[in-house]
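Let's take a tour of this protein, one stop at a time. Keep the 3D view open while you read.

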Amino acid sequence: MLLRHTPKEISERKALTINPAKTCQPIGAMYAALGIHGCLPHSHGSQGCCAYHRSTLTRHYKEPISAATSSFTEGASVFGGQANLTQAFNNIFTVYNPEIVAVHTTCLSETIGDDLPQIRKKAITEGKIPEGKYVIGASTPSYVGSHVTGFSNMVKAMTELAEPTGKKNGKVNIIPGWVEPCDMEELKRLTKLMGVGTILFPDTSGVLNSPLTGEYKMFPAGGTTIAELKSTADSMGTLALGEWCSADAARQLDKQHKVPCKVLDMPFGLKATDRFIEALRTIAGVNVPEEIMTERGQLVDLISDMHQYFYHKKVALAGDPDQLIAMTEFLISIDMCPVHIVTGTPGKKFEKRIREITADMPFEVNVKAKGDFFLLHQWMKNEPVDLLISNTYGKYIARDEDVPLIRWGFPILDRQGHQYFPTVGYKGGLRLLEKILSAIMDRKDRDDPETKFELVL
Amino acid sequence: MGAAEKLVQWNPTDIKAELIKKYPPKVARKRAKQIMINEALENGTPEITANVRTIPGIITMRGCTYAGCKGVIMGPTRDIVNLVHGPIGCSFYAWLTRRNQTDAGPEGPAGENFMNYCFSTDMQDQDIIFGGEKKLEQAIQEAYDLFHPKSIAVFATCPVGLIGDDIHTISRQMKEKLGDCNVYAFSCEGYKGVSQSAGHHIANNQVFRHIVGENDEPVEGKYKINLLGEYNIGGDGFEIDRIFKKCGITNVSTFSGNSTYEQFATAHQADLNAVMCHRSINYVADMLETKFGIPWIKVNFIGAEATAKSLRKIAAYFEDQELIDTVEAVIAEEMPDVDAAATEILPRTGGKTAMMFVGGSRAHHYKELFDELGMKTISAGYEFGHRDDYEGRRVLPHIKVDADSRNIEEIVVEADETRFSPRKSEEELKALEEGGLKFKDYEGLAPDLEEGTLIIDDLNQYEAEKLVELMKPDIFCAGIKEKFSIQKLGVPMKQLHSYDSGGPYAGFKGAINFYKEIDRLVNSRVWSYMKAPWQENPQLSGTYVWE
Ligand code: SF4
Ligand code: SF4
């Protein structure tokens with residue numbers, strides 16, 4: 001057994017995390033920053049964090065991830081990292097010449113107490129930041145929240161660039177949250193079909209799913225432009241997808257520039273997508289086009305066609321709050337039974353929300369924020385499931401417990417497709433459903449006795 | 001890449017100038033000292049600057065001290081609970097990402113395997129404010145209660161040193177409290193050194209201090225060695241162990257691929273230390289010699305020829321005809337398959353060029369394999385090497401100890417009162433040296449590279465891209481972070497830290513695997529698809545295609 005020391009019996013742990021279902025803030029900040037066109041993320045701390053974040057993002061996206069670091073050594077840790085960061089700005093703008101540098105802190109610079117806004121101000125006064133270039137900064141201590149928090153903090157930092165002109169731009173800001181580049185593309189396709197002008201930020205499509213052409217572009221064509229980020233202050237309103245990933249930025253725009261906002265769940269699955277489309281429709285006062293109606297109908301059709309195979313199947317889930325909330329709702333909406341749900345990201349409101357969504361389930365649902373894969377595994381040993389949905393780390397549990405695994409979330413280190421095939425929207429719902437069905441039916445074909453083995457399923 | 005594109009011949013001086021042209025003057029000056037044009041003179045390579053600070057803002061390939069300590073050295077130990085004290089990230093990122101393989105055998109007391117687990121105290125803000133010692137203590141207790149491991153290792157990440165958690169005292173207290181579990185700690189905060197290298201040193205010190213020599217129960221074997229600096233990535237260690245077994249050589253302990261606590265604890269019983277990765281483990285080799293009298297030699301099991309040579313060195317050391325004969329028989333038995341593979345593949349790889357920027361020894365080791373493939377190494381360097389890794393240990397006395405290196409503890413080891421026993425007398429060692437064996441010696445990368453080769457320390461992303469653009473190698477080797485920016489340029493990239501996938505590449509079978517892998521990479525059809533047909537032939541045709 002791969003996880004041979006995991007006991008079935010659950011004992012309370014107060015201090016020890018085993019097999020985390022989260023990671024630290026800066027990696028989320030780095031991913032978000034890559035969604036700005038021409039942006040070089042910068043990690044203010046030791047180079048190790050930056051190396052780890054780049055490696056993990058690279059393994060997930062199979063794309064180059066450029067990011068710089070302040071490369072602290074002992075001295076910087078004692079005297080503060082201002083000199084390192086100022087030097088870094090100089091080197092970055094000379095060598096890489098990005099449009100913008102998005103700085104995030106690490107647990108090191110946070111513990112030292114480096115004051116990012118002050119360092120930036122000083123760098124600007126001292127002329128270390130060239131004319132026409134931008135620097136934004138997010139505080140991302142890794143001992144608070146999780147990678148999701150870091151993502152949210154960097155998206156919020158992007159709103160610093162918002163600059164009202166006094167004239168509305170007629171657009172809707174959409175904050176997609178931590179979804180794949182292709183999901184961002186899909187959201188743009190949907191809003192375009194709806195005829196709603198949008199500013200999507202961040203937008204990693206065209207950055208982290210770029211083609212192989214024999215040319216390396218450090219700053220690929222994709223990403224939300226600075227002009228667009230500026231213009232977010234002039235938008236009609238903001239749709240924030242996901243309370244954890246996107247709401248803070250949307251509220252900030254509201255507070256700062258009176259851009260009203262609405263926080264929705266991430267549009268995974270039928271109902272959350274319905275709400276997303278409905279919101280677009282009402283905000284922009286448009287009709288839902290036939291094409292989108294068809295896509296919705298196709299999803300409903302597939303659910304009805306194959307209902308017998310997933311009806312009341314039990315599912316264990318690990319992932320990030322916004323994704324899990326939408327997925328849990330989706331599973332319930334197709335009459336599946338999510339029974340164990342774990343996120344590493346702390347926050348009681350996650351547990352509360354899941355309890356609300358699962359209130360009608362005929363049995364107790366295990367849910368834990370600030371949980372880990374170790375606990376999830378123990379739950380599965382006590383109450384076995386038919387399916388596990390999680391990032392790649394779930395595969396150790398899946399193999400030990402002989403449960404099919406659907407890789408969904410971050411990071412996915414051992415399969416492809418997540419960059420290219422969206423799981424948001426109705427089409428994304430089709431893909432999720434197809435994955436769920438394939439997992440269950442592959443298992444059926446493998447496990448059924450020969451007498452029961454069937455050609456047509 | 002077509003032959004025509006390669007016609008531009010750059011000379012190394014121009015390339016060097018080109019690499020540093022864009023830098024601000026201070027950076028250019030610093031980098032100029034880390035880029036050396038090899039003169040390949042006997043015993044007199046020019047000096048390179050290495051093991052110095054990474055330049056802030058320059059996109060580096062390097063990782064941190066913690067990565068060198070926990071990730072590299074302690075990561076592959078399977079029956080030690082490696083508990084990371086800090087916020088969650090550091091532990092998460094080092095979780096199973098290095099492809100160290102392990103064979104724990106069937107479940108049971110001897111089959112402990114914590115490799116697939118990730119342990120962390122997941123420090124929260126209140127721990128940073130009020131200190132994390134209580135939480136660490138509690139976490140050690142919980143790990144003990146759950147798993148009853150024979151050992152728990154504690155690793156400090158960045159904030160721990162700053163807030164002053166005394167991890168060593170807590171570990172000692174917990175060791176006393178638990179009774180049957182050895183608990184010790186590593187002060188390997190990420191900022192401690194300029195690269196992973198500092199972490200290796202810290203790991204070496206603590207493993208030596210807290211584990212090596214703990215078990216005197218005799219280890220059986222006629223020719224007992226330790227294999228130092230081999231991490232069983234992609235199963236390299238398995239292949240080397242297979243060969244050792246065939247030769248009748250007992251590998252008491254590998255530092256640290258597929259290793260166990262007991263292996264470390266009995267390592268002092270070996271009669272020879274064979275050092276693979278010089279950078280990461282030479283400290284343990286030196287300490288084992290001083291304290292227990294075990295000499296060390298440099299070996300290299302990357303490359304079939306190198307493997308044969310290393311086996312012969314080991315056999316020569318034991319001065320035993322039986323072993324010498326077995327080793328020759330094993331080489332004779334293994335080589336035909338290797339030769340057959342080489343003969344088949346050489347026509348497709350011969351004359352091609354490679355670049356390697358990896359770790360602290362690998363760039364040197366893998367040169368052997370590329371040689372066997374008829375491929376020329378046109379530029380190479382280390383990510384975290386020291387001058388001795390480039391220029392050989394003869395420069396050791398001349399290396400300036402800067403503030404950053406002084407930070408890392410040098411532990412003073414003395415001969416063990418009862419257990420020190422020189423495995424060879426002075427005369428024997430001398431005779432062996434005259435016979436060609438070199439003890440406590442490593443000549444470094446530079447002498448093995450051709451004159452004019454660009455040797456670059458701590459290569460960064462910008463320089464890598466420039467280098468590939470200018471010199472157009474057929475293959476580039478570095479780590480995962482570099483992989484896709486190089487491949488976007490249409491040049492295949494092989495990871496030589498964790499190999500992407502595949503392996504083993506060590507030993508005889510490994511050499512064959514590597515030949516095949518490089519053949520696959522440099523001859524893949526995919527590199528010819530960069531341009532669509534209409535880009536290759538862009539002129540618009542005036543006639544109708546259907547006419
Ligand atoms: S630099 Fe510090 S925080 Fe970053 S990975 Fe290394 S130990 Fe962890
Ligand atoms: S937890 Fe802290 S030290 Fe570790 S990788 Fe994250 S930011 Fe860096």
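Sort the residues of the shell around ligand 2 by type and you get 7 nonpolar, 4 polar and no charged. Remember as you look that this is a predicted model. Ligand 2 lies between chains A and B, and the space it takes up is the largest cavity.

Who are the neighbours? From chain A, the surrounding residues are A:C24, A:P26, A:C49, A:H53, A:T106, A:C107 and A:S142, while chain B brings B:P87, B:G89, B:C90 and B:Y93. Two elements each give two or more residues to this shell: α2 (47-61) of chain A and α4 (88-93) of chain B. The largest share, 3 residues, comes from α4(B).

## A helix tucked away

Now find helix α7 (residues 147-158) of chain A. With 12 residues at 1.5 Å a residue, it should span 16 Å, and its end C-alpha atoms are 17 Å apart, which agrees.

Is this helix mostly buried or exposed? Count 10 of its 12 residues as buried, so α7(A) is largely enclosed by the rest of the structure. Among those buried residues are A:F151, A:M154, A:V155 and A:M158.

## Opposite charges pairing up

Side chains of opposite charge can pair when their charged atoms come close. Searching the whole structure turns up 63 salt bridges over all chains.

Here's one to zoom in on: B:R242 and B:E334 meet through their side chains, at 2.9 Å from N to O. This pair links distant parts of the chain, with B:R242 in helix α10 (residues 236-247) of chain B and B:E334 in helix α14 (residues 321-349) of chain B, 92 residues apart. B:R242 is partly exposed, at 26% relative accessible area, whereas B:E334 is buried, at 8%. Both belong to a network of salt bridges that also takes in B:E239, B:K246 and B:E333.

## Pairs within one helix

B:D371 pairs with B:K367, their closest N and O atoms being 2.8 Å apart. These two sit in helix α15 (residues 362-372) of chain B, 4 residues apart, or about one turn of the helix. B:D371 is partly exposed, with a relative accessible area of 40%, but B:K367 counts as buried at 11%.

In helix α16 (residues 387-391) of chain B, B:E391 and B:R387 are 4 residues apart, about one turn of the helix. They form a salt bridge with closest N and O atoms 2.8 Å apart. B:E391 is buried at 2% relative accessible area, and B:R387, at 11%, counts as buried too.

Definitions and conventions:
Residues are numbered from 1 along each chain as its sequence is written. Chains are lettered from A and ligands numbered from 1 in the order in which they are written. This is a predicted model: local features need pLDDT of at least 70, side-chain atom pairs count only at pLDDT 80 or more; totals for chains, interfaces and linings use all residues. Side-chain values use heavy atoms; hydrogens and water are left out. The expected span of a helix is 1.5 Å times one less than its number of residues. Buried means under 20% relative accessible area, exposed over 50%, partly exposed in between (1.4 Å probe, protein chains only). A residue is near a molecule or strand if one of its heavy atoms lies within 4 Å of it. On a 1 Å grid over the protein atoms alone, a cavity is a set of points where a 1.4 Å probe fits but cannot get out, and a pocket is an open set with protein on both sides within 12 Å along at least five of seven lines; lining residues have an atom within 4 Å of a point. A molecule sits in a cavity or pocket if more than half of its atoms lie within 2 Å of its grid points. Ala, Val, Leu, Ile, Met, Phe, Trp, Tyr, Cys and Pro count as nonpolar, Asp, Glu, Lys and Arg as charged, and the others, Gly among them, as polar. A salt bridge is a side-chain nitrogen of Lys or Arg within 4 Å of a carboxyl oxygen of Asp or Glu.
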